[in-house]
Amino acid sequence: METDARLMHAVMARESDLVALTQNLIRIPTLNPPGLHYREICEMLAGRLEARGFEVALIRAHGAPADSEAYPRWNMVARRAGAHPGECVHFNSHHDVVEPGHGWTVDPFGGDLRDGRIYGRGACDMKGGLAASIIAAEAFLETCPDFAGAIEISATADEESGGYGGVAYLAERGYFSPDRVQHVIIPEPLNKDRICLGHRGVWWAEIETHGRIAHGSMPFLGDCAVRHMGAVIAEMEDTLFPLLASKRTAMPVVPEGARSSTLNINAIHGGEPVQPEGYTGLPAPCVPDRCRITIDRRFLIEEDPAAVKAEITALMERVRARRPGFSYEIRELFEVQPTMTDRDAPIVTSVASAIERVLARQADYVVSPGTYDQKHIDRIGRLKNCIAYGPGILDLAHQPDEWVGVHDMLDSAKVMALTLGELLLAKQQPEA
Ligand SMILES: [Zn+2]
């Protein structure tokens, strides 16, 4: 209890430092796409952490998607070993942010502090979480210099575009191997009292129906690919969407609507290409010979990915059976397996206990409808003991006037500091 109080005090004493650090991170506009200022933000963090005794590596994801001389994908990994052997707790944050978009009433890269909130693109997603984890680690190092194991902090690229130039690249090179790292916290904005255990699965595919081009005044001489696709979508409405809605998961996904399987039709296109804006000609009369849709199927941990794909093939075959001349192709684009960390995993129980001690309430357990970098830590790194936990309100992410509350950052930094205490102190200090 004594240690808890000292850790919380050390976090509170760093409030102005936490605010300034968050503001400075927001003021580096690490926009993705295209991937701006990645080196700059990594160097800023490296300088700070080196001064606090961390060993720092700057790693460029050479050859990763979107990596180029103009837009190199830089990552930073910092490690501070303790006085005794033990386990490693790793805090992983992405440093990239999405475009500001329209509708801001403050400078999206100004980092304004107003009424206890820091505003800016990336404030909650997730520079506030990154800053909170740094403050937590620094408060812990000062309070408990004699700890066992190691603390790692990483700032990684491209989470917003799949994480291939960031966590995936590092995981492939052993940075998240279970012999190096035993516990991972990703400080995404899930609210200071919620532990995110994982996410649903994803399958993206493109479906194309084929037809035959002919003059639009004699459509009976051709075969309309758009009408074929219309039949596909009608079949989805009749059979697939009701089936998906009936599949329910035991995963505690929020929002509640995402506790079923879902499918979104991201795009549809058939016939002649859309002309550039300002083009003044009329369209040509042709029967479209191709129509494409892109589907985004989100699946549950209870579903077999092969069955998810077979469902679509079976649907296409039902349509084929009743439409003469119907032919199609399915091209797979992208796939991520669902993942969910056990509630009794050590990182979960440690953070839950810290939430109870700091906030005097029980932790909530949630699962994300969409994926984040945990997918790479799980699949490539083979590390299951991983959660997302951090300050900020998820709904504000990617919105205008995004903000993070200073009080929430302080609370979650306390939770993170107490978690370090739980995982890096307990084992070397037997009960008296
Ligand atoms: Zn994020």
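The model is predicted: local features need pLDDT of at least 70, side-chain atom pairs count only at pLDDT 80 or more, and totals for chains, interfaces and linings use all residues. Residues are numbered from 1 along each chain as its sequence is written.

**Overall**
- The chain has 10 helices and 16 strands; helices (H or I, at least four residues) and strands (E, at least two) are DSSP runs, numbered from the N terminus.
- The C-alpha trace spans about 90 × 45 × 40 Å along its principal axes.
- Of the 432 residues, 45% count as buried. A residue is buried if 20 or more other C-beta atoms lie within 10 Å of its own, exposed if 12 or fewer, and partly exposed in between, with C-beta atoms placed from the backbone.
- Among contacts with a separation of 6 or more, 81% are between residues 24 or more positions apart. Two residues are in contact if their C-beta atoms, placed from the backbone, lie within 7 Å.

**Nonpolar cores**
- The largest nonpolar core has 98 residues; a nonpolar core is a set of buried Ala, Val, Leu, Ile, Met, Phe, Trp, Tyr and Cys residues joined through C-beta atoms within 7 Å.
- Helix 4 (residues 123-143) gives the most to this core, with 12 residues.
- At least three residues of this core come from each of domain 1 (2-199 + 338-428) and domain 2 (205-271 + 283-336), with bounds from an automatic or database domain assignment.
- Apart from this core lies another, of 10 residues, including I207, C224, M229 and V287.
- V11 and A136 are among the residues with the most contacts inside the largest core. Not counting residues up to four places away in sequence, V11 touches I135, A136, A139, L410, A413, K414 and A417.

**Helix 1 (residues 2-12)**
- L7, M8, A10 and V11 are the buried residues of helix 1. They fall within an arc of 160° seen down the axis, so they line one face of helix 1; the arc is that of the directions from the helix axis to the C-beta atoms.
- On the other side of helix 1, E2 and A5 are exposed.
- Helix 4, helix 8 (346-359) and helix 10 pack against the buried residues of helix 1.

**Helix 2 (residues 15-26)**
- The 12 residues of helix 2 should span 16 Å at 1.5 Å a residue, and the end C-alpha atoms are 17 Å apart, which agrees. The expected span is 1.5 Å times one less than the number of residues.
- The buried residues of helix 2 are L18, L21, T22, L25 and I26. Their arc around the axis is only 135°, which puts them on the same side of helix 2.
- Their cover includes helix 3 (38-50), strand 5 (117-119), helix 4, strand 16 (403-405) and helix 10 (406-424).

**Helix 3**
- Y38, I41, C42, L45 and L49 are buried in helix 3. They cover an arc of only 100°, so they lie on the same side of helix 3.
- On the other side of helix 3, G47 and E50 are exposed.

**Strand 7 (residues 183-186)**
- H183 and I185 point one way and V184 and I186 the other way, and all are buried.
- Strand 7 pairs with strand 3 (residues 84-94) in the parallel sense over 3 bridges; two strands pair if DSSP finds at least two bridges between them. The bridge partner of V89 is H183.
- Strand 7 also runs parallel to strand 15 (residues 386-388), joined by 3 bridges, and C386 is the bridge partner of V184.
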